[in-house]
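Please examine the sequence and the structure shown below. The report that accompanies them is arranged by topic.

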Amino acid sequence: MEYQPLLRGSSTHSKFPSWTLFLAVCAVGIGGTFQYGYNVSIINAPTQHIHRFLNETWTSRYHKELNPDLLTFLWSVIASVFSLGGLCGALIGGSMAIRLGRKGALLMNNIIAILASILMGISFPTGLFELLIAGRFLIGINSGIGICVQPLYIGEVAPKHLRGGMAMGTSIFLTGGILTGQIIGLRELLGGESYWPLLLSSSCLPAFAQLLFLPWFPESPRYLLIDRGDELSCAKALKRFHGSSEEYQREMEDIQRECFALHGEKPKKPWQLFTDRGVRWQLITVIVMTMGQQLSGINAIYFYATYIFEQAGISAEKIPYVTLGTGACECLTALTCGLLIDYVGRRYLIIGGYLLMTLWSVVLTFSLTYQELYSWVPYVGMTSVFAFILSFGLGPGGITNTLIAELFIQSSRPAAYMIGGTISWISFFTIGMLFPFIVTGLKQYCFLVFLLECSSVAAFIFLVIPETKNKSFLEIKKEFHKLNFGRNTKKKETELYERRQLRDEFLKNSV
């Protein structure tokens with residue numbers, strides 16, 4: 001029996017999303033990836049003040065000075081426990097999105113952020129640095145959940161011809177959070193010695209903002225129809241987002257097609273994706289892209305930025321303000337990528353970004369090697385820092401999360417984000433632990449390692465990932481069938497696989 005959509009509409013596309021769609025992206029972003037970027041950024045400003053707090057607390061508690069090695073260890077725990085919390089958040093984010101809904105998971109996530117802010121805020125007056133560690137762990141959980149659930153919501157509410165630009169809201173709010181944290185962390189604002197507890201506890205403000213604004217917007221229509229089977233609520237949500245227009249009819253048809261194709265299939269667990277031949281190459285792509293994003297060398301750029309700026313003649317007092325330029329640069333490229341992604345396409349931007357990063361890795365290696373021979377070389381290095389950040393923002397920094405949302409259908413998407421988030425946080429933690437040793441061993445030649453990594457990921461994307469611009473989730477799934485089942489596989493073999501899946505699902509439901 002051939003499927004007939006309930007609603008029909010024309011094929012014309014509206015040029016811009018409605019204000020409701022735009023404001024919904026803002027409402028989920030402020031408490032989602034904005035929190036991640038903000039909390040990654042603000043911990044850098046009060047480093048010396050926290051060191052002093054640890055010393056004073058230890059002395060008053062044990063009546064002896066804190067050993068320098070133990071001080072380094074405690075600071076490392078405070079800084080790195082955020083990554084551990086992020087990993088835990090990534091592992092539970094997908095399950096929360098399935099059980100509570102995308103909107104419900106984001107709202108509940110703010111309670112964790114508020115609790116974390118309270119613990120970090122009272123750590124100084126109570127003299128308990130353990131509360132600071134607990135708060136950083138909790139805000140890491142909040143960030144891990146947010147960076148998992150926010151792209152799910154945006155990817156599901158966005159119409160396919162605007163999905164790339166709207167999904168870039170994830171990166172725009174992340175880079176906006178980094179820039180905001182850099183500004184708030186200046187010593188003239190909350191970066192001073194007296195205000196650092198307020199700086200760390202300011203994470204509650206985005207949480208309160210999301211609790212105030214997000215309840216006014218609908219749940220994801222795809223989640224309502226496909227996961228809950230609530231067609232009436234789905235229709236109401238679509239009308240809120242699109243009005244009673246042709247766009248509403250097109251979106252309803254698209255969701256109904258996907259719902260029909262799934263045949264009532266329940267959301268999959270992460271381990272089920274590893275045994276599902278139908279998503280094999282999508283899963284490999286997610287792993288390669290998330291690892292590639294974290295291991296691309298962007299952390300090395302920020303590590304070397306201060307040194308490069310000093311060599312260019314910028315005084316130590318002014319370097320924090322120049323560093324603001326790197327945050328503004330990254331935020332600007334995220335906005336630019338959001339404008340270009342639905343016109344240029346995903347493949348061109350992400351491959352171009354990695355290839356440009358490969359080029360700038362060569363230039364940076366040259367500038368760091370020969371900067372003492374020629375007076376103009378440090379300025380080449382400083383230019384390369386900004387060029388590398390621009391390339392990262394236009395490529396892997398902006399496109400990765402968008403592609404993860406597009407490569408999977410509804411039943412597999414939450415599990416894919418859990419896997420991608422887990423790989424991302426493990427890579428983030430690993431590079432944080434190993435990077436100092438890489439720099440010590442290779443010095444400026446560490447960029448040659450990142451050169452190899454960037455060029456390899458670019459080659460993989462060129463060979464494997466199809467263009468997803470203006471395609472539905474089902475159309476993208478068909479693109480991967482050739483890879484997952486072999487280019488010479490007959491149509492009957494693919495149909496047999498799908499029938500087996502339906503049979504297995506029927507048996508599970510029968511039990």
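## Basis of the report

The structure is a predicted model. Every value given here is computed from that model.

The structure holds 10 salt bridges. One of them joins the side chains of Glu130 and Arg61, with an N to O distance of 2.8 Å. Because Glu130 belongs to helix 6 (residues 129-157) and Arg61 to helix 3 (residues 47-62), this pair ties together parts that are 69 residues apart in sequence. Glu130 has a relative accessibility of 36% and therefore counts as partly exposed. Arg61, at 27% relative accessibility, likewise counts as partly exposed.

The side chains of Asp254 and Arg222 also meet in a salt bridge, at 2.5 Å from N to O. Asp254 is in helix 13 and Arg222 in helix 11 (residues 221-227), so that distant parts of the chain, 32 residues apart, are linked by the pair. With a relative accessible area of 13%, Asp254 is buried. Arg222 counts as buried at 2% relative accessibility.

## A buried pair and its network

Which side chain meets that of Arg163 in a salt bridge? The partner is Glu406, and the N to O distance is 3.0 Å. Arg163 lies in helix 7 (residues 163-167) and Glu406 in helix 20 (residues 396-406); the pair therefore ties together parts that are 243 residues apart in sequence. Arg163 is buried, its relative accessible area being 2%. Glu406 counts as buried, at 0% relative accessibility.

Arg163 and Glu406 also belong to a network with Asp342 and Arg346, joined through salt bridges that share partners.

## Helix 20

Is helix 20 enclosed by the rest of the structure or exposed, and how many of its residues are buried? Of its 11 residues, 11 are buried, so helix 20 is largely enclosed by the rest of the structure. The buried residues include Pro396, Gly397 and Gly398, together with Ile399, Leu403 and Ile404.

## Packing of helix 2 and helix 8

Helix 2 (residues 33-42) and helix 8 (residues 169-184) have axes that come within 7 Å and cross at roughly 30°. Angles under 35 degrees count as roughly parallel, and helix 2 and helix 8 are therefore roughly parallel to each other. Their crossing is right-handed.

## Arg250 in helix 13

Arg250 is placed in helix 13 (residues 246-262), the helix that also contains Asp254. The relative accessible area of Arg250 is 13%, and Arg250 is therefore buried. Between Arg250 and Lys160 the C-alpha to C-alpha distance is 10.0 Å, although the two are 90 residues apart in sequence.

## A nonpolar surface patch

Which residues make the nonpolar surface patch of about 670 Å²? Its members are Phe366, Tyr370, Leu373, Tyr374, Trp376 and Tyr379. Tyr374 is located in the loop between helix 18 (346-370) and helix 19 (377-394). At 44% relative accessibility, Tyr374 counts as partly exposed, because that class lies between under 20% for buried and over 50% for exposed.

Methods: Residues numbered from 1 in each chain as written. Predicted model: local features only at pLDDT ≥ 70, side-chain atom pairs only at ≥ 80, totals over all residues. Heavy atoms only, no water. Patch = residues over 30% accessible without salt bridge, like charges linked within 9 Å, V, L, I, M, F, W, Y side chains within 5 Å. Areas by Shrake-Rupley, 256 points an atom, 1.4 Å probe, with all protein chains shown as cover. Salt bridge = Lys/Arg side-chain N within 4 Å of Asp/Glu carboxyl O. Helix = DSSP H or I, 4+ residues; strand = E, 2+ residues; numbered from the N terminus. Buried < 20%, exposed > 50% of the residue type's maximum accessible area, 1.4 Å probe, protein only. Axes fitted to C-alpha atoms, helices over the stretch in contact; angles between N-to-C directions. Parallel < 35°, antiparallel > 145°, perpendicular 65-115°, else oblique. Left-handed = near helix turned anticlockwise from the far one by under 90°.
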